[in-house]
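Please keep the sequence and the model side by side while reading.

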Amino acid sequence: MAAPCPEDPSLERHFKGHRDAVTCVDFSFNTKQLASGSMDSCLMVWHMKPQSRAYRFVGHKDAVTCVNFSPSGHLLASGSRDKTVRIWVPNVKGESTVFRAHTATVRSVHFCSDGQSLVTASDDKTVKVWSTHRQKFLFSLSQHINWVRCAKFSPDGRLIVSASDDKTVKLWDKTSRECVHSYCEHGSFVTYVDFHPSGTCIAAASMDNTVKVWDVRTHRLLQHYQLHSAAVNALSFHPSGNYLVTASSDSTLKILDLMEGRLLYTLHGHQGPATTVAFSRTGEYFASGGSDEQVMVWKSNFDVVDYGEIIKVQRPPTMLASSSGNLTVSILEQRLTLTEDKLKQCLENQQLIMQRTTP
């Protein structure tokens with residue numbers, strides 16, 4: 001068997017402590033901590049430094065479905081089947097505040113890039129926006145006609161995207177609270193959605209086994225991937241914007257090259273469905289979780305130069321308004337706005353790859 005190439009992603013370590021399926025993972029901004037939630041109703045905060053003890057946070061009365069660190073890393077939000085959102089201080093005390101407004105399972109929590117707002121999605125068919133520091137519910141977005149599984153702020157905080165079991169992805173204007181566009185191309189429940197780091201497009205995962213990428217300015221479908229043999233449960237963009245990692249019920253993680261429109265890697269680590277995946281804020285690592293109760297941390301090992309430069313420009317998030325930030329974003333935009341020919345070529349590439357991999 002050939003030795004793995006040093007550029008291939010490698011499994012760095014795995015964390016054991018959950019007593020049921022892992023549902024969600026997220027890295028803190030400085031990559032020193034990794035949070036995970038589980039069907040066991042607990043939240044774990046793992047330390048990336050070896051030999052450091054993990055924190056186990058108990059408070060939710062039912063399965064924890066989602067976690068997200070605030071941009072500063074000083075707060076950690078979680079949502080649960082107990083219909084509540086909790087905001088934790090991720091230290092040894094593990095103190096938390098409870099937010100109540102949803103009337104069913106909370107599926108998704110996400111902080112705005114300025115840390116001031118939180119967006120949540122629920123089985124009560126609504127998306128809700130909260131003030132983080134005033135700990136106050138602000139408003140609801142309610143045009144979905146089935147469970148809402150995921151909601152995210154755009155990098156600039158002006159838009160919100162949501163994914164639902166009504167098979168749609170909806171794009172919302174945060175200020176006007178209007179639905180700007182509905183994307184209806186998925187053939188089944190949409191499980192996850194997120195913004196590209198440039199804010200110019202979104203990627204969505206679905207139970208129809210596909211991942212789709214749309215331009216949020218023209219609403220055109222840019223890319224379509226049918227690479228998994230079961231539902232795609234989660235996805236995460238690399239901070240460079242060049243790669244996308246997906247987690248599927250077929251037990252694999254896949255890394256896609258968005259510039260070439262092709263599959264780069266298929267990773268086998270989890271026994272049973274891979275339920276969640278997330279890149280660290282620098283892109284050096286990504287973490288995955290599964291129904292096997294495992295949290296795995298992988299070293300990316302690719303695109304080192306590329307993302308190192310972009311991270312310098314993007315930190316802190318407010319610097320995106322600077323000239324260098326705009327330059328990076330505009331380069332990404334140019335590379336991401338695929339022409340019809342490029343899109344056709346991407347689809348042809350994918351078909352060839354599929355033919356090669358089909359036994």
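Predicted model: local features only at pLDDT ≥ 70, side-chain atom pairs only at ≥ 80, totals over all residues.

Residues are numbered from 1 along each chain as its sequence is written, and side-chain values use heavy atoms, with hydrogens and water left out.

Strands here are DSSP runs of E of at least two residues, numbered from the N terminus, and two of them pair if DSSP finds at least two bridges between them. Strand S18 (residues 190-195) is antiparallel to S19, with five bridges; five residues lie between the two in a hairpin, and Gly199 in its turn has a positive phi of about 80 degrees. On to S20 (residues 211-215), S19 again runs antiparallel over five bridges, with Ala204 opposite Lys212. This hairpin has four residues between its strands, and the positive phi, about 75 degrees, belongs to Asn209 in the turn.

In a regular strand the side chains alternate between the two faces of the sheet. In S19, Cys201, Ala203 and Ala205 on one side and Ile202, Ala204 and Ser206 on the other are all buried, where buried means under 20% relative accessible area with a 1.4 Å probe, protein chains only. Because six of the six residues of S19 (residues 201-206) are buried, the strand is largely enclosed by the rest of the structure.

Ile202 touches, among others, Val169, Tyr183, Val193 and Trp214, not counting residues up to four places away in sequence, contact being heavy atoms within 4.5 Å.

Definitions and conventions
Buried < 20%, exposed > 50% of the residue type's maximum accessible area, 1.4 Å probe, protein only.
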